[in-house]
Structures are given as C-alpha cells and as structure tokens.
Amino acid sequence: MNRSPLKRGLAIATAVLLSAFLVGILARSFGSDPHRVPFMLAGKPAPEFTLTSLRDGSPVRSADFKGKPLVLNFWATWCAPCLAEHPILSWAERTYGDRVAFVGIVFEDSEANARAFLLEHASRYVQLADSKSTVAVDYGVSGVPETYFVDKHGIIVSKRAGPFASVSEFTSEVSSILP
Amino acid sequence: MTTLIAATAAIFFLAQDGRAPTRVGTEPLDAAREARVQTLGGKFRCAVCQGVSIRDSPASMARAQLDKVRELVAQGKGDLEVEDYFVDRYGEWALMEPRKSGAALWLWILPLLLLATGIVIIVRATRGAGGLEPVPPAPRPLTADLEKVRAELKE
C-alpha cells in the first residue's frame, strides 16, 4: 500500500466521528419514557377560552381572570386520582383564593356527574364544562388530572401532570405564580 | 384520609354510572376537505392512547383532536400549520413519524454518510493495493540440480 498514514488516519477519524455522532443522537432517546408527553406550553401565553359554568350555565371567559394568577385544573369524576386530590385543591382555594383564581375544567365527563360530586363536596371554586374537549386540546392535555399554573400576565409557568399527593406539593408549585 | 375520601367518592359515582360519556364528533366537511382531514388525522398521535393515530383511535379525546383538525382545515389552514398546532402543544411526540428536520434529520443523513465514507475507504484501499488483479509469483532462482536437468534436456 502506497497511501500515506496521514490520509489513512483522516479517513478512519472521519468514520469514527460520524459513528460517534450517530450513536450520540440515538443515545439521547434511550432511557426516556416514549409514552411521556412533553410539556410544550411553558413560557407561552395560556390559550384563551369561553366555557359555561357548571353552577348556572353562564359563560365564563379566560379574560375574566386577567391580571390575577390562575390555577387551572382538568379533572373528571371517573378519575380516582382527581377525586383524591380534590380536598387539596379545596384547601388551596381557601388558602390562596384571595390572591389566585382557581378554575376547574371537567374533562370527558357528564355535567350531571360533575355537578353531583361538587355538590356533595361543597366545592367553592369556579367549575366549567368543556363538552367538546376543545380547551383540553388547546392546552395539550394528555390525561387527568392535569393542573396548569398561569401567572398574572397570562403566561403558563408550569404544569402538574398527575394528582397532588400533599399540601406541600401544591404549595411549592403555586409559589411560582404568587404575586 | 385522602384515600378514604377517594374510595368513597369512587363507589358513589360507580353506583350512579360515573363513566365518561360517549361524545359525537363534529359533522364531516365536504368530500375533498374531509379527505384532507382524514389524511392529516393519520399523522397525529392520540394524546391518551398508545401509538394510535387520532384517525384510528376510538377514544373520545382522539375525536376531539380530529375535530380540531377539522376546525383548522375549515379555517383554511395549510397542512404545515395544522402540524404546527399539534407540535406546539405535544411536541414532536404528536407526530406518528418524526419530521425530517433538526436533530431527527441527522438520523436520516448519517447512515448514508457512513455508507458513503465506507465505500470511499474500500475503493481507495483496493486502488492503493493495485486493484483486484491477481499478482503472478516472482520467479524463483534455479537450484544446481535444476540447472543440471535443464542442461541435459537441451542436449
């Protein structure tokens, strides 16, 4: 062979670099849960909505909460974790309700079921029906419960996918939007 | 305490048929636009399913997502705008096939680059060695006995 060692080394180095790059890209996906839905709306304006109140059927707009931080909870009565976290959200509303607006949005459930549950548990905060799940799709909901934390400027700061297991979990999350 | 409340509530609602209601999707558009809706529906992953498109999933949420596709198509949005709507909310996870752009593009290009590099290396190596032609063995020097035999044969 008459090839210079420099050329040969260069070819091998190129092949090794390309292989390493390819393996690096593939390795990025290994170890991550393929079923985990990414949260893309962080730092973006919360989608606007107009829904009807479960209490009296009156229209409620997202603009009605403008200037106040907002906790938006998607839930359903067929979802056991949603029911389990309800006392924590009720406590949170009593504790932070003067500084933060609390809104529940019923996901893929009948209004009658939701109304009966809320009546039974003397829930106080605003509850809305999203009968066609349009708002759920706008927010990128992929299951319930999901809770969105929106600051007073209408920007989504964070999202909790899954139930709050304790009051302290909620407290640490809500602190990011408190004025 | 929380578990007890949840269990009580669950029993309460199971007793009064607390299942999620079946929801009817919006009306189909005209034939041409509805065909577009169905094609696009096959490209997006149902948010609450396991690897099923919103067109093929019977889930109520998938129907809601397909309704959103229908709404966007009815508004005159292009395919890319509809795709962006879902990617903005669910990331590229929403796509049944990854986009051929960004980091994912390298997954398409790199194997081809590696193949091309391998071919170049092989071609150069074979050329440097004088190709694949068989090389004849060098003539061996004759021994004294062989010289003698050759001389006798000439006579």
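Which residues of β3(A) point one way, and which the other way? In this predicted model, where local features need pLDDT of at least 70, side-chain atom pairs count only at pLDDT 80 or more, and totals for chains, interfaces and linings use all residues, the answer is that A:L70, A:L72 and A:F74 point one way, while A:V71, A:N73 and A:W75 point the other way, and all are buried. Residues are numbered from 1 along each chain as its sequence is written, and chains are lettered from A and ligands numbered from 1 in the order in which they are written.

A residue is called buried if 20 or more other C-beta atoms, placed from the backbone, lie within 10 Å of its own, exposed if 12 or fewer do, and partly exposed in between. By that rule strand β3 of chain A, residues 70-75, is mostly covered, with 6 of its 6 residues buried. Helices (H or I, at least four residues) and strands (E, at least two) are DSSP runs, numbered from the N terminus, and two strands pair if DSSP finds at least two bridges between them.

β3(A) pairs with strand β4 of chain A, residues 101-106, in the parallel sense over 6 bridges, and there A:N73 has A:G104 as its bridge partner. Together with helix α2 of chain A (residues 80-96), β3(A) and β4(A) make a right-handed β-α-β unit, right-handed meaning that, with the strands pointing away from the viewer, the path from the first strand over the helix to the second runs clockwise. β3(A) also runs antiparallel to strand β6 of chain A, residues 146-150, to which 5 bridges join it, and A:L72 stands opposite A:Y148 in β6(A).

Leaving aside residues up to four places away in sequence, A:A136 touches A:F74, A:F107, A:D130, A:V141 and B:A64, contact meaning C-beta atoms, placed from the backbone, within 7 Å.

Chain B has 6 helices and 0 strands, and 21% of its 155 residues count as buried. Its average pLDDT, the predictor's confidence in each residue from 0 to 100, is 81, and 79% of the residues score at least 70. Over residues 1-18 of chain B, however, pLDDT stays under 50. Where pLDDT is low, the predicted coordinates should not be read in detail. For the complex, the predictor gives an ipTM of 0.83 and a pTM of 0.75.

Notes:
Two residues are in contact if their C-beta atoms, placed from the backbone, lie within 7 Å.
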